[in-house]
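Work through these exercises with the model open beside you. Try each task before you read its solution.

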Amino acid sequence: MVKVAIFGATGYTGIELVRLIVSHPLCEVSVLTSETYSDKRFSELFPTFKGLCDIQLVDSNTAIDMLDDVDVSFLCLPHGTSMGVVYKLLAKNRRIIDLSGDFRFKDVSIYEKWYEKKHLFADILHKAVYGLPELFREKIKKANLIANPGCYATSVIVPLYPLLRKGLIKGTVIADCKSGVSGAGRKSELRLMFSEVNGNFTAYSVSGHRHNPEMEEVLAEATGFKPEILFVPHLVPINRGILSTIYVDIDENYTWDDVRDIYHDFYGDEPFVKLYPKGRMPEVREVRNSNYIAISWEVRRDKGKLVIVSAIDNLVKGASGQAVQNMNLMLGFEETVGLVSLSSIV
Ligand SMILES: NC(=O)c1ccc[n+]([C@@H]2O[C@H](COP(=O)([O-])OP(=O)(O)OC[C@H]3O[C@@H](n4cnc5c(N)ncnc54)[C@H](OP(=O)(O)O)[C@@H]3O)[C@@H](O)[C@H]2O)c1
């Protein structure tokens, strides 16, 4: 069995990773970290894991000295904190999948502008591979350090990539995205309180969000062409899920079938991309708890626009599920192992 460490196991993406690894047939949880609860067992905090994951939590410094038998480390830590742990683990020649934004940019100035902090390990940024299997599968297989994508970024990059490769995108793309509250992590903050969020719906970071440059830089790296994207996130009163509505200027000759042919060329064999039939829009409940991205589109010839709708679970395809997909590729496993589960709709 492959042994796994999860740093930041008590946060939303960390708990989701424990859930996925406990049910993965080829892996087992070996080390779990928390700074706040390092005197507790994981199943004391989350009793449904009793008998499934009773491991004693340790702080991250202690964990770094416990990794001799560990094959893969997942880092579910805040950005800024993650980079130092990555540095220490790389020095020990470990396989790492970092869920934070610390290693997603090749250009350190973009990271420092958008994350508003100095990157202390810019000299190792080039070692990271952006962990979006649909775009970078072959590089991921050979990587030791994966920068797992942002959740919003995943929901926008996957639908845009084939269109950009085919030269279909002109002008500024508008990405209007809505996320459930777990996207902000398991921390207390006024704007995330039940009474603030329930029955409410608001846009935020309208002046600019750090996933915007991530979308543009990654698509430029993958296609050689940098798109102009105007991304605006919204907070909706659901626990999990992202629905992105993406508006693209399109040549008036393009039809729904043309777009279908492009998507089928790129994603027809992709195990986690679900291309929906004409007229059927994705819903977040259909991908909840699953590693799928559901995509649908309409051509609005009257407005000269292609409208694409994508749905993911921010904690699975947008974070921990995608991280397991990357681990499967790095270790030479079947890419889907441990990840095939459908949502229950209601
Ligand atoms: N939530 C999402 O949908 C999502 C999606 C994609 C990527 N991400 C990224 O994934 C990472 C984790 O996100 P999350 O939503 O799981 O966050 P979270 O719920 O806030 O959990 C953060 C975890 O990090 C630990 N932690 C906090 N400060 C720490 C420090 N100074 N040193 C060591 N550990 C520390 C916490 O441990 P204790 O509190 O137990 O000490 C907790 O286990 C973030 O970088 C986030 O941007 C999140």
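**Exercise 1.** Which domains give residues to the shell around the ligand, and where does the ligand lie?

Solution. This is a predicted model: local features need pLDDT of at least 70, side-chain atom pairs count only at pLDDT 80 or more, and totals for chains, interfaces and linings use all residues. Residues are numbered from 1 along each chain as its sequence is written, and side-chain values use heavy atoms, without hydrogens and water. Domain 1 (2-149 + 317-330) and domain 2 (152-313) both give residues to the shell, so the ligand lies between them. The domain bounds come from an automatic or database assignment.

**Exercise 2.** Count the residues that surround the ligand, then sort them.

Solution. Start with the count: 27 residues surround the ligand (a heavy atom within 4 Å). The closest include Thr10 and Ser34. Now sort: ten are nonpolar, 14 polar and three charged. Gly counts as polar.

**Exercise 3.** Find polar contacts of the ligand (N or O pairs within 3.5 Å).

Solution. First, take threonine 36: a polar side-chain atom lies 2.7 Å from a ligand oxygen. Next, a backbone N or O atom of serine 182 lies 3.0 Å from a ligand nitrogen. Last, a backbone N or O atom of arginine 186 lies 2.7 Å from a ligand oxygen.

Definitions and conventions:
A polar contact is a pair of N or O atoms within 3.5 Å; within protein, one must be able to donate a hydrogen and the other to accept it, and residues adjacent in sequence count only if both atoms are side-chain atoms.
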